[in-house]
Amino acid sequence: MPPIKNTIISPIKNPFKLDKIPFFRERNKERKNIALLVDGPNMLRKEFQIDLEVVRDILKRYGDIKVGKVFLNQYASDKLVEAIENQGFEPIIGSGDVDVRLAVDAIELVFSPNIDTIAIVTRDADFKPVLAKANAHGKETIVFGAEPGLSIALKNVADFVIVFDGNEWHEVTKDSDREIEAEPVQQ
């Protein structure tokens, strides 16, 4: 499968190296129904340059996104809200901290029989209890994060952690920040 093109940072040769992420090689057999929840104030910042279309494309290789919500605070610009809607996500705008609203929506999805996987785009350790509850109820969990500042607690509780370091996406192990090396493909 060809690498996903990064529409924000260019030119970078194969910036995402998705072929190195075991997550995709091991999970292609069974498609999952995914709920994707984005912590907007924490992740949609210029310094991270997170492209939600790329996150969606990564998840589409794994399953079908049934819920896509981006949580924003009252300071979100009209252009940002419009861009999120144009990408097919539902913007959820709240006053103050968005963490509580995202956590409540995530817990509702944990109890939905139509959702197999909870994917959260965040760096915030506040979502550790949500991921733990999802795991306890048989849901797979994925964290998309960015460095610097990705919570170690999130890395330790999520089933899969996929990190954008400014240049490429890679999966990290729960006990370290090193990149997981790709296993040789058997022919």
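What share of the contacts in the protein chain with a separation of 6 or more is accounted for by residues 24 or more positions apart? In this predicted model, such residues account for 61% of those contacts.

## Overall composition

The protein chain holds seven helices and seven strands. Read from the N terminus, its elements follow the order α-β-α-α-β-α-β-α-β-α-β-α-β-β.

Of the 187 residues in the protein chain, 49% are buried. The chain exposes about 9800 Å², and carbon and sulfur atoms supply 49% of that area.

## The sheet

Seven strands form an open sheet with mixed pairing, in the order β3-β2-β1-β4-β5-β6-β7. The edges are taken by β3 (90-94) and β7 (169-171); each has a single partner strand, so one side of each is left without a neighbour in the sheet. On average, and with direction ignored, neighbouring strands of this sheet are turned by 20 degrees against each other.

Within the sheet, strand β5 (residues 140-146) and strand β6 (residues 160-164) run parallel and are joined by five bridges. Ile142 stands opposite Phe160 in β6.

## Helices against the sheet

Helix α5 (residues 99-110) packs on the sheet and touches β1, β2, β3 and β4. The direction of α5 makes about 170 degrees with that of β1.

Helix α3 (residues 52-60) lies across β1 (32-39), β2 (63-73), β4 (117-121), β5, β6 and β7. Relative to β2, helix α3 runs at about 155 degrees.

## The aromatic cluster

The count of aromatic pairs comes to two. In one of them, Phe144 and Trp169 are arranged edge-to-face, with 5.7 Å centre to centre and 80 degrees between the planes. This pair links distant parts of the chain, since Phe144 belongs to strand β5 and Trp169 to strand β7, 25 residues apart. Phe144 counts as buried because its relative accessibility is 0%, below the 20% cut-off. Trp169 has a relative accessible area of 2% and is therefore buried as well.

Phe164 and Trp169 form a tilted pair, with 5.0 Å centre to centre and 40 degrees between the planes. Both of these residues, Phe164 and Trp169, are buried. Phe144, Phe164 and Trp169 together form one aromatic cluster.

In helix α6 (residues 128-136), the residues Val130, Leu131 and Ala134 are buried. They cover an arc of only 95 degrees around the axis, so they lie on the same side of α6. The cover over the buried residues of α6 includes α5, β4, β5 and α7 (152-157).

Which exposed residues are carried by the face of α6 turned away from its buried side? They are Pro129 and Ala136. After α6 comes Gly138, which has a positive phi, near 80 degrees.

## An exposed proline in a loop

Pro113 is located in the loop between α5 and β4. Its relative accessibility is 74%, over the 50% cut-off, and Pro113 therefore counts as exposed. Pro113 and Lys139 are separated by 26 residues in sequence, with 9.8 Å between them in space, C-alpha to C-alpha.

Technical notes: Residues are numbered from 1 along each chain as its sequence is written. This is a predicted model: local features need pLDDT of at least 70, side-chain atom pairs count only at pLDDT 80 or more; totals for chains, interfaces and linings use all residues. Side-chain values use heavy atoms; hydrogens and water are left out. Two strands pair if DSSP finds at least two bridges between them. Helices (H or I, at least four residues) and strands (E, at least two) are DSSP runs, numbered from the N terminus. Axes are lines fitted to C-alpha atoms, for helices over the stretch in contact, and angles run from 0 to 180 degrees between N-to-C directions. Contact means heavy atoms within 4.5 Å. Rings of Phe, Tyr and Trp (its six-membered ring) pair if their centres lie within 6.5 Å; planes under 30 degrees apart count as stacked, over 60 as edge-to-face and the rest as tilted. Buried means under 20% relative accessible area, exposed over 50%, partly exposed in between (1.4 Å probe, protein chains only). Accessible areas come from the Shrake-Rupley method with a 1.4 Å probe; for residues, only the protein chains shown count as cover. The arc is that of the directions from the helix axis to the C-beta atoms.
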